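Me: Please take a close look at one part of this structure, the aromatic side chains and whatever surrounds them. I would like one connected account, with the cut-offs behind each term.

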Amino acid sequence: MDSYNYDSTALTSLISTLEAKLDEYNTAIESIKTLKSTIESSNEWVQDMVKSPFISKCEEYLTYFNNATVKLEAHIAYLKKKNSVMEILEETYS
């Protein structure tokens with residue numbers, strides 16, 4: 001019967017894991033931004049035909065990671081709210 005009890009600790013652990021992933025995404029975004037700005041300001045490219053597509057690919061990655069972080073942030077906020085509500089319900093009705 002205990003298998004149906006709400007486990008706040010497990011959800012809190014999941015939220016912490018997702019927040020760690022979010023930090024990893026933010027670190028990746030900063031790395032890509034730094035790489036992109038370094039490439040844009042560099043005059044050492046032998047072939048300019050390669051530089052522009054490379055910058056474009058960096059922008060695609062930035063868009064992808066930014067979308068992922070927005071969705072992950074929303075999901076984390078949702079889980080935190082649900083965890084809070086479930087804790088209140090558990091406390092009130094148990």
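Reply: A residue is called buried when its relative accessible area is under 20%, exposed when it is over 50%, and partly exposed in between, with a 1.4 Å probe and protein chains only as cover. This is a predicted model, in which local features need pLDDT of at least 70 and side-chain atom pairs count only at pLDDT 80 or more, while totals for chains, interfaces and linings use all residues. Residues are numbered from 1 along each chain as its sequence is written, and side-chain values use heavy atoms, with hydrogens and water left out.

The structure holds two aromatic pairs, where rings of Phe, Tyr and Trp (its six-membered ring) pair if their centres lie within 6.5 Å, and planes under 30 degrees apart count as stacked, over 60 as edge-to-face and the rest as tilted. In one of them, Tyr25 and Phe65 have ring centres 5.6 Å apart and planes at 50°, so this pair is tilted. It links distant parts of the chain, since Tyr25 belongs to helix α1 (residues 8–41) and Phe65 to helix α2, 40 residues apart; helices (H or I, at least four residues) and strands (E, at least two) are DSSP runs, numbered from the N terminus. Tyr25 is partly exposed, at 29% relative accessibility, whereas Phe65 is buried, with a relative accessible area of 17%. Phe65 also pairs with Tyr64 in an edge-to-face arrangement, with 5.5 Å from centre to centre and 70° between the planes. Tyr64 itself counts as exposed, because its relative accessibility is 55%. Through these ring pairs, Tyr25, Tyr64 and Phe65 are linked into a cluster.

Apart from residues up to four places away in sequence, Leu72 touches Leu18, Lys21, Leu22 and Tyr25, a contact being heavy atoms within 4.5 Å.

A salt bridge is a side-chain nitrogen of Lys or Arg within 4 Å of a carboxyl oxygen of Asp or Glu, and a search of the whole structure finds six of them. Lys21, the partner of Leu72 in one of the contacts above, meets Glu24 in a salt bridge of 3.9 Å from N to O; both lie in helix α1, three residues apart, about one turn of the helix. Lys21 is partly exposed, with a relative accessible area of 40%, and Glu24 is likewise partly exposed, at 47%.

Lys36 is buried, with a relative accessible area of 18%, and it forms a salt bridge with Glu40, the closest N and O atoms being 3.7 Å apart. Lys36 also meets Glu59 in a salt bridge of 3.5 Å, N to O. Because Lys36 lies in helix α1 and Glu59 in helix α2, this pair ties together parts that are 23 residues apart in sequence. Shared partners join Lys36, Glu40 and Glu59 into one network of salt bridges.
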